[in-house]
Structures are given as C-alpha cells and as structure tokens.
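Please read them alongside the model.

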Amino acid sequence: MKRTLKAVIFDFDGVIADTVEHYYEATKRIADELGVPYTIDDNLRFQGIPRKVLMDELSNRCSRDVTEEEKLLLGNKKGEYYRELIAEFTKGDMLPGMYEFLFHLKKSGIKMGIASSSSNAPFLLEKFGIKDWFECIVDPKKLKNGKPDPEIFLTAADCLGVPYESCAAVEDGEAGLKGIMETQMFSVSIGNSATLKQAEWNVPSTDYLTVEELLSQFANSK
C-alpha cells in the first residue's frame with residue numbers, strides 16, 4: 001500500500017534561506033576570537049546543532065580553559081553577529097525554487113512545519129511574507145535535546161497532528177539528517193556530502209525540489 005504524504009517539516013538555514021555563509025561567518029568570528037580553526041567542512045558538520053554544543057566544540061579546541069560563563073557570552077555574541085548579517089534579508093534571499101515549492105505544498109493542502117535550531121527562523125519567515133504558511137514553528141529553546149536527536153522533528157509532527165510515517169522532513173545538515181533517519185519520517189536531504197546522500201531522497205540543490213517528485217518519491221518509499 002502506497003504512503004500518503006500529509007506534512008512536510010523543514011529545517012530553515014540552508015533549506016529555506018541562504019544563510020549558511022552567514023552562519024559560517026558569524027561562527028568563524030568567534031573561532032578567530034578564541035584563536036581556533038573553523039572550516040567550511042566544520043560548518044557543514046556543526047550546522048543545526050544547539051549553540052551551547054557549538055561553543056563547547058570550539059572551546060575544546062582552545063589552548064586555554066574557557067569557562068561556562070565565557071561560553072555563554074561567546075554564544076550570545078555569535079547570535080548578535082548572525083542577526084547583523086541577516087538584518088537586511090528579503091524574499092530574494094530565499095534559496096532557488098523554495099518559494100514556489102512551499103507555495104505549491106500549501107496549495108496542495110499539505111501541512112508544513114519548521115524544525116530549526118535557529119531562533120531567528122520566525123523573524124526571517126515574517127520578512128519573507130510566508131510565516132503564516134507554517135502551522136507549527138518549533139521553539140528550540142523549549143527542547144531537551146538538540147540535533148542530531150530527533151526530538152525537534154517529532155515535536156513538529158506532534159504539533160501538526162500528523163503521524164510520523166505520514167511526514168517528510170527536509171535537511172541540509174548532517175546532524176539534522178541523522179535525527180530524521182531515527183524516525184519513521186521520509187528523509188529528504190539537500191547537498192552532496194556522503195552522509196547527506198544517505199537520505200531516502202537526495203537532491204543537489206533546492207531548485208530540484210518539486211511537489212510532484214516529492215509525492216512520487218514518498219508514495220514509492222518503504
């Protein structure tokens with residue numbers, strides 16, 4: 001029996017908005033202040049993890065001890081750097097094809113939710129004029145566990161009132177994809193790394209996403 005798709009849950013950074021470079025730049029500034037390396041590959045691996053975990057990772061690379069208080073201050077500073085970088089975003093900063101993809105999902109009656117570790121997602125969705133398209137935006141601050149734990153995706157599905165096996169979840173981060181793959185949800189990934197290609201449906205970029213192909217891939221999945 002073929003599965004019926006009832007909801008799609010999205011990561012935000014690098015899936016809906018082109019923020020990956022800004023996330024990298026903000027984090028790199030903190031790494032530079034600590035005197036530790038932070039590469040593009042690091043950015044792919046750490047993207048989507050909670051801010052505290054990221055600060056722990058950077059601090060562990062430091063030659064001196066970094067206190068918990070300092071980590072908190074650095075995390076807040078990283079958030080400030082990031083908000084400065086995205087302050088002037090418009091709908092034109094959405095990734096290629098995403099506005100149309102989301103519009104057609106909404107038109108098809110498929111529920112949508114946001115499962116992002118970023119607290120800035122609601123701000124940018126508002127700027128893009130599409131915040132009300134999403135019936136659920138999970139508040140990452142209310143979760144016990146961050147990605148790669150699947151809690152954020154399960155919370156989004158529960159909020160939408162849709163069984164996990166009737167959901168698809170879309171990620172561009174390796175940590176997030178690992179979380180999705182621990183659930184009964186259909187996994188969709190964007191990107192070319194070996195880890196991302198383990199998803200049930202992998203596309204190299206967002207402009208390959210269409211509702212028709214998603215429905216087909218979902219219906220024919222196990």
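Which helix gives the most to the lining of the largest pocket?

1. Ground rules. This is a predicted model, where local features need pLDDT of at least 70, side-chain atom pairs count only at pLDDT 80 or more, and totals for chains, interfaces and linings use all residues. Residues are numbered from 1 along each chain as its sequence is written, and side-chain values use heavy atoms, with hydrogens and water left out.

2. Largest pocket. The helix in question is α4, with 9 residues in the lining. Helices here are DSSP runs (H or I, at least four residues), strands likewise (E, at least two), numbered from the N terminus. The largest pocket holds about 770 Å³ of space. Its lining counts 36 residues, and Ile49, Pro50, Arg51, Lys52 and Ser117 are the closest to the centre. Both α3 (51-60) and α4 (68-86) supply at least two lining residues each.

3. Pocket terms. On a 1 Å grid over the protein atoms alone, a pocket is an open set of points where a 1.4 Å probe fits, with protein on both sides within 12 Å along at least five of seven lines; lining residues have an atom within 4 Å of a point. Points are joined across faces, edges and corners, and a volume is the space filled by probe spheres set on them.

4. The largest pocket lies between domain 1 (7-17 + 91-220) and domain 2 (20-86), because both give residues to its lining. Domain bounds come from an automatic or database assignment. The lining splits into 10 nonpolar, 13 polar and 13 charged residues. Asp, Glu, Lys and Arg count as charged; Ala, Val, Leu, Ile, Met, Phe, Trp, Tyr, Cys and Pro as nonpolar; the others, Gly among them, as polar.

5. Second largest pocket. About 320 Å³ of space lies here. Of its 20 lining residues, Gly14, Val20, Asp172, Ile190 and Gly191 lie nearest the centre. Two or more residues come from each of α1 (20-34) and α2 (40-46). The largest share, 3 residues, is from α2. The lining has 9 nonpolar, 9 polar and 2 charged residues. Domain 1 and domain 2 each provide at least three.

6. Helix α5 (98-107). Met98, Phe101, Leu102 and Leu105 are its buried residues (under 20% relative accessible area, 1.4 Å probe, protein chains only). They fall within an arc of 95 degrees down the axis, so they line one face of α5. The arc is taken from axis-to-C-beta directions. These residues pack against β1 (7-10), β2 (111-114) and α9 (211-219), with contact set at heavy atoms within 4.5 Å. Just after α5, glycine 109 has a positive phi of about 80 degrees.

Conventions
Buried < 20%, exposed > 50% of the residue type's maximum accessible area, 1.4 Å probe, protein only.
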